[in-house]
Amino acid sequence: MQTPPPKIKDVAQVAGVSTATVSRALTQPDRLSEATRKKVFDAIETTGYRVNQAARNLRTRRAGAVLVLVPNLGNPFFSAILSSMNDVLSANGYSVLVFDSQQPGASEQAVADCLLNGSVDGMVTLDGHMTTTTAKALRNANMMRNVVFCCEWSDQWPLPSIRSNNGLGTKLAVDHLVALGHRKIAHVTGPASNILADMRKSTFLERCATHNLDIPPDWVVQGDFSLMAGAQAADKILALSPRPTGVFCASDAMALSFIARCRRRGLRVPDDISVIGFDDIEMAAYAEPGLTTIRQDRAGLGRLAAQELLARLRGEQKTEGAYVIYAPVALIERGTTAPPQHSTAP
């Protein structure tokens, strides 16, 4: 005779808790103590209990899934964010659907259909360029309050935003170069009309003005966060006369390719030119020399965004409109910045 599958009451009996506590451990684990959560999950493993997610979703009238829009899945910056976001959401019974919002296959209509057909309960968007088509679909599905911006954001839509303190990070980068003695500092920007790039560029110029640094227009070079953009920016900056002694790149990818192009041109980093990035992707620590950069807490960004969305899905977060939750940034000193060889200290 086939043994019937274990039920939630069997888990409760093994764990020595109530069935309500088991249910809470599966749906709202953050509301229980670590010791209670451990007892419940140990009992689940012992009994072999499996959640019937489909049945639960029917009872609760939810899809049990969250849509995440990413502007470029090929960018390694997003990996840690998506991983921590998935950890939090999956632990709370949600699967994660990821769309690359900049790929032709992820059309606006495909995103709209996903929102309108009940496939998801909410959305985290890492792309600040939320289209009117997507916004209309969110309104029609009565889901606008179940949306959270992460990393990028748009002032057009009054929604919560989880972001790094980009202004502070840029100030740390400029102050670091100035403290080393650099007075000639260039900047490789992110994409035009990108809210992160605009924030870093404007703060760079403001901070340089605070230090009474003269930044000619051709010392601010347009980039797009990509490897190719960093190499192309290096060609322009290395041709300048006088040449900057320090460079702040708005992403690590651009900083690393900038350094590679310097080496190809016979220049030493940091002896001939100092370079600092922004992000602290994995490669930054393993490059030779290690890249000095501004660390974003990428895992923290993903975790905070997932937690904020969960609070909204559960009705625990009553705040409406736009508000900001900042993840910390920090200067990580490695080997690509040093005092300029020929400089006058500030």
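**Close-ups of salt bridges**

**View A. Two partners on one helix.** Lys38 and Asp42 both sit in helix 3 (residues 34-47), four residues apart, which is about one turn of the helix. Keep in mind that this is a predicted model. The side chains of these two residues, Lys38 and Asp42, meet in a salt bridge, 2.8 Å from N to O. How exposed is each partner? Lys38 counts as exposed because its relative accessibility is 53%, and the cut-off for exposed is over 50%. Asp42, at 35% relative accessibility, counts as partly exposed.

**View B. A link between two loops.** Here the side chains of Glu320 and Arg145 form a salt bridge of 3.2 Å, N to O. Glu320 belongs to the loop between helix 13 (298-313) and strand 11 (324-327), while Arg145 belongs to the loop between helix 7 (132-140) and strand 4 (147-150), so this pair ties together parts that are 175 residues apart in sequence. Arg145 is partly exposed, with a relative accessible area of 28%.

View C. Now look at Arg207 and Asp175, whose side chains meet in a salt bridge (2.9 Å, N to O). Arg207 is in helix 9 (residues 195-210) and Asp175 is in helix 8 (residues 166-180), so the pair ties together parts that are 32 residues apart in sequence. Arg207 is partly exposed, with a relative accessible area of 23%, and Asp175 is partly exposed as well, at 24%.

**View D. The whole set.** Zoom out and count: how many salt bridges does the structure hold? There are 11.

Key:
Residues numbered from 1 in each chain as written. Predicted model: local features only at pLDDT ≥ 70, side-chain atom pairs only at ≥ 80, totals over all residues. Heavy atoms only, no water. Salt bridge = Lys/Arg side-chain N within 4 Å of Asp/Glu carboxyl O. Buried < 20%, exposed > 50% of the residue type's maximum accessible area, 1.4 Å probe, protein only.
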